[in-house]
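Biologist: I'm new to this structure, and I'd like a close look at a single part of it. Could you take me through the place where the two chains meet, and what is packed around it?

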Amino acid sequence: MCDQTFVAITFGPCDSCSENRPLMNLYIKTEPINYCSLCMEIMACQDLAGGETLNSLKAETESLRKRLEEERKKLHDVELEKVAEKAEALSALNLKTRRTLKGHANKVLCMDWCKDKRRMVSSSQVPAHPVFNSSQEHAVSMPTTWVMACAYAPSGCAIACGGLDNKCSVYPLSLDQNENLAAKKKSVALHTNYLSGCTFTNSDMQILTCSGDGTSALWDVESGQLLQSFHGHSADVLTLDLAPSETGNTFVSGGSDKKANIWDLRSGQNIQSFDTHESDVNCVKYYPSGDAFASASDDATCRLFDLRADREVSIYSKDSIIFGATSVDFSLSGRLLFAGYNDYTINVWDVLKGTRVAVLFGHENRVSSLKFSPDGTAFCSASWDNTLRIWA
Amino acid sequence: MTSNSNLSNMRRLVDQLKLEASVERIKVSQAAAELQQYCLQNAAKDALLVGVPHGIQPFEPRSCNLFAGQQNIRIMQRKTYIGTQKND
């Protein structure tokens, strides 16, 4: 028995729609076919029963939608705030900026913590973006502006980032500060529009990305192969978050179509969908237990959606807040929700009672990204004022 | 060609809605109770709720120390987890 090697095309013109897209290679009766993932799904639906006209299908969708609404209403017996009335009120928070990191020369667009709780990577509008450590910085040059997404590998040995270049590239980190990191870059993901978010799954070997082309995709880092793609958003996908590891293989994504969708990583299915926001969903984050998620939107609200009740259970808004929220994160216990807004502030909400607990001032421009450290003792906010602030 | 793809798109939509309609749902009261329970169970571990004792603030910038050299070294050692020149 000998090994066979053969060429698999991972990006190029699709055999059926002739557009340049990431391809999935399959064999139909030993004939190799390269379809893009959307055509694959359409092909899977084509062999279904005939005798269905467009009108009959439209009528069916309407009735299914109505049924969904009713099912959800039936279970809405009480508000979260009522259930939480008996919970103790929170004492005043004493949060201050402990550190201001000023290494960037331009707007900071995204940041991520390393699992060792000390290092962070952040990306900005201009090519070079520093990797911060309390005592050192590495700067990595990228041949593109607007690096909109960055992520630290779970092992801490690599970072992934991407943006307007439509790609997600992985850079292995080394201890040698003088080494040129850009030389070791590996292009992993390729979309047909800007990359808006990326994250490693539980290992260094797979990356989940979401893009302005309306899809999210799971890639193998070593080969650059597209493992699974997720179609369902009708506009740019702006954000994604992986479920906390105990609960399983799902992730949530939010997009410009005002929807937040839950996906199964293995099958590529869209399991649940939530569309109560009135504008683009800028950021989604899972609740620490994995049973709910929060979203931040341009409609100036943050909302909490429960996955098992399949509906929105709480909305965090105030008449005085009119600017869109760009990012959210939960504190370790899930009691506090921190949200960064375009009015340069960070609002802290009591998740259970739905009230605002504090407002944090300090940034001099929009807050673009906000993340808690892995041990929950501090959080970092990145802003268009070129700085990152660590609050504790 | 277009009518075919419209048809398959609609079919996809119908399949998707059928899937979503068949999801198992629980009452909001139960879901809310479980969210609250999680919060309260983990409240003790949450540094922002409980507060961090003043000396252990992990990101406090190292304060300037006017004392003699030996005491400086001791303080550095206590705060080594912040990050020192050593790489790991």
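Modeller: Let's start with a term: a nonpolar core is a set of buried Ala, Val, Leu, Ile, Met, Phe, Trp, Tyr and Cys residues joined through side-chain atoms within 4.5 Å. Keep in mind, too, that this is a predicted model.

With that in hand, the largest nonpolar core has 30 residues, and A:Cys302, A:Leu304 and A:Leu337 are the ones with the most contacts inside it. Both chains take part: from chain A, helix H3 (80-83) and strands S22 (292-297), S23 (302-306), S24 (311-316), S25 (325-330) and S26 (336-341) each supply at least two residues, and so does H2 of chain B.

Zoom in on A:Leu337 for a moment. Setting aside neighbours within four places in sequence, A:Leu337 is in contact with a list of chain A residues, among them A:Ala294, A:Cys302, A:Tyr316, A:Val328, A:Phe330 and A:Trp349. A:Asp329 and A:Asn347 are on that list as well. There's also a second, separate core of 18 residues, including A:Ala151, A:Ile207, A:Ala217 and A:Leu226.

Now for the meeting place of the chains as a whole. Here 51 residues of chain B are in contact with 72 residues of chain A. About 5,700 Å² is buried between the two chains, and carbon and sulfur atoms give 63% of that area.

Four salt bridges are found across the interface of chain B and chain A. The side chains of A:Glu71 and B:Arg25 meet in a salt bridge, at 3.9 Å from N to O.

What does chain B bring to its side? Helix H1 (2-21), helix H2 (28-42) and helix H3 (47-50) of chain B each supply at least two of the residues that touch chain A. H1(B) gives the most to that side, with 16 residues. By type, the residues of chain B's touching side divide into 26 nonpolar, 12 polar and 13 charged.

One last stop is in chain A, at the loop between strand S21 (281-286) and S22, where you'll find A:Ser289. A:Ser289 counts as buried because its relative accessibility is 14%, and the cut-off for buried is under 20%. Its side chain reaches the backbone nitrogen of A:Asp291 at 3.3 Å.

Terms used:
Residues numbered from 1 in each chain as written. Chains lettered and ligands numbered in written order. Predicted model: local features only at pLDDT ≥ 70, side-chain atom pairs only at ≥ 80, totals over all residues. Heavy atoms only, no water. Contact = heavy atoms within 4.5 Å. Buried area = accessible area lost by both parts, 1.4 Å probe. Helix = DSSP H or I, 4+ residues; strand = E, 2+ residues; numbered from the N terminus. Nonpolar A, V, L, I, M, F, W, Y, C, P; charged D, E, K, R; others polar. Buried < 20%, exposed > 50% of the residue type's maximum accessible area, 1.4 Å probe, protein only. Polar contact = N/O pair within 3.5 Å; in protein donor to acceptor, adjacent residues only side chain to side chain.
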